[in-house]
Amino acid sequence: MNDSGSTSTGETQEEPAKTTLASRPPPSKTRTPTTGPHERFFNPLSDSDEDADVNQHHCSALYPGCQFKGYQTNGDKKYEVEVRLREVNLAQSYLCGDLLIRGLTTEYPELITCFDAEVIGDRYNFETGKWKTTRSIDLQHWRRFGAFAGVEQQDYKHDPKRSDHMFMRWKEQFLVPDHRVDALKGGASFAGFYYICFQRDTGHIDGLYYHTQSEMYQRLVLKRVPERKFGTYDFR
């Protein structure tokens, strides 16, 4: 989600009751992995069998119901963000979830979008090949993640099942609860996508939002919510 235009009036407004993702039911609109043609660049890994222990370790880091809290920056603005994963299918290099952002527009003090994610590895590689990107744009963004230096040294090969870092692209698809809304007043947009780097050991997510008509390098910073607080955690 991106604020491509300022909607702030400087006036103090009564703060509405905050929504959390913990108690929200899954969205009714069906989502499926995007498995269309994707030309392979950057020498991605070949398909191979992985042992159960490695796969179990991988799955333990991201799973349905997993929650993250943090913020997104746009210039000198900072917006509170909460993410909850709904489906995790790492065998298909896919996951999806909900992203809640607060204060982005005056029309929608709280916005929730559903997103699909492509996990870089066997099925998807580091070159996006869509959403008005180029190889150069991809590299400019991926190189802002410190962990990507090791990927370049390995000729752009990356195995998320054996690495402490997982690279993804998150693409927001529709608003909740009304998936028919495809445009927002005040310059806000969810037409772009996020470059994502997730570190399993720390539970941290670092992301960069990209859209051709948005400010470059808007940063998304998230930290996993401790499991003991799932179902009752409320951000205030």
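Biologist: Let's start with a pairing: in E8, which residue is the bridge partner of Arg 169?
Modeller: This is a predicted model, in which local features need pLDDT of at least 70, side-chain atom pairs count only at pLDDT 80 or more, and totals for chains, interfaces and linings use all residues. Strand E6 (residues 165-176) runs antiparallel to E8, joined by 6 bridges; helices (H or I, at least four residues) and strands (E, at least two) are DSSP runs numbered from the N terminus, and two strands pair if DSSP finds at least two bridges between them. In E8, Arg 169 has as its bridge partner Tyr 195.

Biologist: Which residue in E9 is the bridge partner of Ile 196?
Modeller: E8 also pairs with strand E9 (residues 204-210), antiparallel over 7 bridges. Within E9, the partner of Ile 196 is Gly 207.

Biologist: What is the phi of Gly 203 in the turn?
Modeller: E8 and E9 form a hairpin, with 4 residues between them. Gly 203 sits in that turn, and its phi is positive, about 75°.

Biologist: Is Ser 93 buried or exposed?
Modeller: Ser 93 lies in the loop between strand E3 (77-89) and strand E4 (94-102). Buried means under 20% relative accessible area, exposed over 50%, and partly exposed in between (1.4 Å probe, protein chains only). Ser 93 has 7% relative accessibility, so it counts as buried.

Biologist: How many of the 7 residues of strand E8 are buried?
Modeller: Strand E8 (residues 193-199) is largely enclosed by the rest of the structure, because most of its residues are buried. Out of 7, the number buried is 6.

Note on methods. Residues are numbered from 1 along each chain as its sequence is written. Side-chain values use heavy atoms; hydrogens and water are left out.
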